[in-house]
Amino acid sequence: MPVKETDREVVLTRPDDETTSVTILKYGATVYSWKLKSEEQLWLSTAAKLDGSKPVRGGIPLVFPVFGKNTTDEYLSKLPQHGLARNSTWEFLGQTKSDPPTVQFGLKPEIANPELTKLWPMDFLLILTVELGVDSLKTAIEVENTSTSKELKFNWLFHTYFRIEDIEGTMVSNLAGMKLYDQLLKESYLDKHPVVTFHQETDVIYQNVSPERAIQIVDKGVQVHTLKRYNLPDTVVWNPWVEKSQGMADFEPKTGYEQMICIEPGHVHDFITLAPGKKWNAHQLLCKDELNYQAIQ
Ligand SMILES: O=P(O)(O)OC[C@H]1O[C@@H](O)[C@H](O)[C@@H](O)[C@@H]1O
């Protein structure tokens, strides 16, 4: 069966290849496994909670309506870090296409986490579409402002944890020349390095990364993941390294930072503001591609 639903999750398998599948937890509509020919592509902590008691540490948590911890907005500042979508149980809307196999999930205030919608009393409808290609995974989001009178102000981000072999042998290409905000130094600067490499905790937001840029994760000269984006101008690059991993109870094994890198396409530098009745769409495409080093314009 290409789509298997249980109380907890939905598993989508390619009809032409049963070793290629994606598993989506209804809690957070979190993709927590994507296997290509039996090989896991995403990183998931062995201590990740899959029982709805905490957002999932790994896979693709969804960040909405706020990235990080806001301190200025009257309502968004009341929400916990990264908002309410990853801590709400979404509704499974069913399969919408058989080729490529595609499913949808929905979230609206009536079913979202009531503790959190109390703090952020806005009208919205989110539709997440997950499409399983032969060697790709597309996650697409539509945000609708269902209010008839109020604007909807929000951030969106796909918090994608990629599985890699070894962080110190890994580089991320095609972000060279971009302006970034370093969340640890609390400073903005131009990244003049030809590629991003990792030797310590990294938590940076690249801004206005052109949609033509395919971000590639390269392991010792070999392309292992390619990330393409639509309508998501910012890209967060995060690795917690040693100390930060120690401080996260759900991050296991503690050496797991060596096998993961978060490349998170989003719209987080500025808020999106949607007028009543309007919709906004974006997607990320995780795929395999030839190594393509793009020149800085
Ligand atoms: O522990 P959380 O809430 O899942 O956040 C993990 C990380 O998420 C990243 O997106 C942020 O840039 C980091 O600052 C943060 O530490």
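## Strand β8 and the sheet pairings

Strand β8, residues 101-107, is mostly covered, with 6 of its 7 residues buried. Buried means under 20% relative accessible area, against over 50% for exposed and partly exposed in between (1.4 Å probe, protein chains only). The model is predicted: local features need pLDDT of at least 70, side-chain atom pairs count only at pLDDT 80 or more, and totals for chains, interfaces and linings use all residues. Residues are numbered from 1 along each chain as its sequence is written, and side-chain values use heavy atoms, with hydrogens and water left out.

Strands here are DSSP runs of E with at least two residues, numbered from the N terminus. Two of them pair if DSSP finds at least two bridges between them. Strands of a sheet pair through backbone hydrogen bonds, either parallel or antiparallel.

| Strand | Partner | Bridges | Direction |
|---|---|---|---|
| β7 (residues 91-98) | β8 | 6 bridges | antiparallel |
| β8 | β9 (residues 125-132) | 6 bridges | antiparallel |
| β2 (residues 9-14) | β3 (residues 17-25) | 6 bridges | antiparallel |

β7 is connected to β8 by a hairpin of 2 residues. Across this pair, Phe92 stands opposite Phe105 in β8. Toward β9, Leu107 has Leu126 as its bridge partner.

An open sheet is formed by 5 strands in the order β1-β2-β3-β4-β5, with antiparallel pairing. β1 (3-5) and β5 (39-40) stand at its edges with a single partner strand each, so one side of each is left without a neighbour in the sheet.

Technical notes: Helices (H or I, at least four residues) and strands (E, at least two) are DSSP runs, numbered from the N terminus.
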